[in-house]
Amino acid sequence: MTGDPIRVLVADDQALLRGSFRALIETTPDLTVVGEAATGAEAVDLCRALRPDVVLMDVRMPHMDGIEATRRIQGSADTAGVRVLILTMFDMDAHVFSALRAGAAGFLLKDTPPADLLNAVRVVAAGEALLAPAVTRRLIAEFARHPASEPAPSPALDGVTDRERQVLTLVARGLSNTEIAERLHLSLATVKTYIGRLLTKLQARDRAQLVIVAYESGLVTARAGDR
């Protein structure tokens with residue numbers, strides 16, 4: 001951002017929580033709440049009208065859940081630039097995986113410390129995925145529980161070089177950029193360059209979607225130790 005505050009839409013069916021998130025966000029000058037939604041449908045409509053930078057999206061809401069709302073927001077040219085940060089009560093919420101596939105930039109627990117939540121909004125607004133290695137490993141656990149029946153190499157990987165495949169494999173295994181650099185004896189800047197190329201070639205929004213592509217293409221399969 002260049003000086004204007006990051007514009008946030010809060011979507012949660014509980015008025016008390018919406019108010020709490022608003023009060024927290026408004027405590028810092030670089031963030032501002034531009035609207036509140038009590039349902040997924042309202043969130044979609046407000047995103048079209050207000051074009052927020054980030055949506056704090058509850059998973060479970062009436063009339064349209066957060067997953068479908070995320071899918072519609074990310075699937076529309078009018079709101080494709082809106083970043084969605086999923087809020088959930090449980091770190092192993094089965095809906096989180098579906099939300100990431102729908103285009104969410106990441107997820108947070110509702111009891112995340114206030115400073116961490118504010119920082120997460122900044123990270124997502126900057127175009128980064130809020131997907132720490134520990135979260136990636138939870139994604140891997142989901143693949144282990146619900147593997148694709150017959151994974152096949154994806155045509156999308158045809159233009160990916162051998163070194164890029166190595167990097168993609170390690171991303172899908174939950175390694176951080178620093179860990180990948182150490183494993184492959186590369187500089188951190190080089191790893192970031194490879195990941196940038198992968199995002200472009202695979203038309204992935206962020207690191208979360210790279211993990212999904214790696215597993216769905218069959219490049220990586222869940223191992224017993226990932227469960």
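The chain exposes about 10700 Å², and carbon and sulfur atoms supply 52% of that area (Shrake-Rupley method, 1.4 Å probe; for residues, only the protein chains shown count as cover). What you're looking at is a predicted model, where local features need pLDDT of at least 70 and side-chain atom pairs count only at pLDDT 80 or more, while totals for chains, interfaces and linings use all residues. Residues are numbered from 1 along each chain as its sequence is written, and side-chain values use heavy atoms, with hydrogens and water left out.

**The overall picture**
- You'll find 10 helices and 5 strands in the chain (DSSP runs numbered from the N terminus: H or I of at least four residues for helices, E of at least two for strands).
- Of the 227 residues, 48% count as buried (under 20% relative accessible area with a 1.4 Å probe, protein chains only; exposed is over 50%, and partly exposed is in between).
- Take the contacts between residues at least 6 apart in sequence: 66% of them join residues at least 24 apart (contact means heavy atoms within 4.5 Å).

- The largest nonpolar core has 24 residues (a core is a set of buried Ala, Val, Leu, Ile, Met, Phe, Trp, Tyr and Cys residues joined through side-chain atoms within 4.5 Å). A11, C47, V55, M57, I73 and I86 have the most contacts inside this core.
- At least two residues of this core come from each of β1 (6–11), α2 (40–50), β3 (54–58), α3 (66–75), β4, α4 (94–101) and α10 (207–216).
- Another core, of 22 residues, lies apart from that one, and L168, L170, A181 and A214 are among its members.
- Back to A11: leaving aside neighbours within four places in sequence, A11 touches A37, A43, V55, L56, M57, D58 and M61.

**Helix α7 and its partner α10**
- Helix α7 spans residues 162–172, and its buried residues include E164, V167, L168, L170, V171 and A172.
- α7 and α10 pack with their axes 9 Å apart, at an angle of about 105 degrees (axes are lines fitted to C-alpha atoms, for helices over the stretch in contact; angles run from 0 to 180 degrees between N-to-C directions).
- That angle makes the two helices, α7 and α10, roughly perpendicular (65 to 115 degrees; under 35 counts as roughly parallel, over 145 as roughly antiparallel and the rest as oblique).
- L168, V171 and A172 of α7 meet R207, L210, V211, A214 and Y215 of α10.
- After α7 comes G174, with a positive phi near 95 degrees.

**Two histidines with positive phi**
- Most residues other than glycine have a negative phi.
- H63, in the loop between β3 and α3, has a positive phi near 70 degrees. H63 counts as exposed, at 75% relative accessibility.
- H185 sits in the loop between α8 (177–184) and α9 (188–201), and its phi is positive too, near 60 degrees. H185 counts as exposed, at 72% relative accessibility.

**Charged side chains to look up**
- E68 belongs to helix α3 and is partly exposed, at 25% relative accessible area.
- The side chain of E68 makes a polar contact of 2.7 Å with that of R71 and one of 2.9 Å with that of R72 (a pair of N or O atoms within 3.5 Å; within protein, one must be able to donate a hydrogen and the other to accept it, and residues adjacent in sequence count only if both atoms are side-chain atoms).
- R83 lies in strand β4 (residues 83–88) and counts as buried, at 15% relative accessibility. A polar atom of the R83 side chain lies 3.1 Å from the backbone oxygen of V124.
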